[in-house]
Amino acid sequence: MKNLEILLNQLESRIPLFAKENLAISKSNVGWHMEHSLLVINGITKALLKSDPKDYQWKFNFIKILILKRGKIPRGKVKAPEVVVPNKTIEEAILLTHITQTRNSLLELESISNNHYFEHPFLGKLKKKDTIRFLEIHTNHHLKIIEDIIKL
């Protein structure tokens, strides 16, 4: 969880640059990548909290193993599900509010059992530990895009 908190701090430190864009890197600006990352963390945390550990069944998934071991998501290969696509208007105040909400989500995440799970559309069911690893990889993926956008 410490890594996820560090990544969240890095996102927060980039908020003043939320309007910056570089179409050679991404169709979306820095704020979009921030908001998307926060929506993902908050949405997945809610799904974990709602899950019933008794319903978890392990299933082999090569993509899951590859992503979790490599620690990288390839750029531009997957379209974000609508539920985690930010609204068109992204403002600094909204990002700050969502950072606070995400900090609260991380506290909730700490409190649930290790057997809670989240079902990812490509990676399948991920128990809490693997879900946290995925959130770290996903957030870092978008932070790298943000850094590339900022490096004009």
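I took helices as DSSP runs (H or I, at least four residues), numbered from the N terminus.

The model is predicted: local features need pLDDT of at least 70, side-chain atom pairs count only at pLDDT 80 or more, and totals for chains, interfaces and linings use all residues. Residues are numbered from 1 along each chain as its sequence is written, and side-chain values use heavy atoms, with hydrogens and water left out.

I next examined L135. Leaving aside neighbours within four places in sequence, L135 is in contact (heavy atoms within 4.5 Å) with L4, V40, I41, I44 and L109.

I then looked up how α3 meets α5. The contact is made by I67, L68 and K69 of α3 and by D130, R133, F134 and I137 of α5.

Last, I turned to H138, which lies in helix α5. Is H138 buried or exposed? H138 is buried, with a relative accessible area of 8%, because buried means under 20% relative accessible area, whereas exposed means over 50% and partly exposed lies in between (1.4 Å probe, protein chains only). Leaving aside neighbours within four places in sequence, I found H138 in contact with H36, S37, V40 and I73.

How values were computed
Helices (H or I, at least four residues) and strands (E, at least two) are DSSP runs, numbered from the N terminus.
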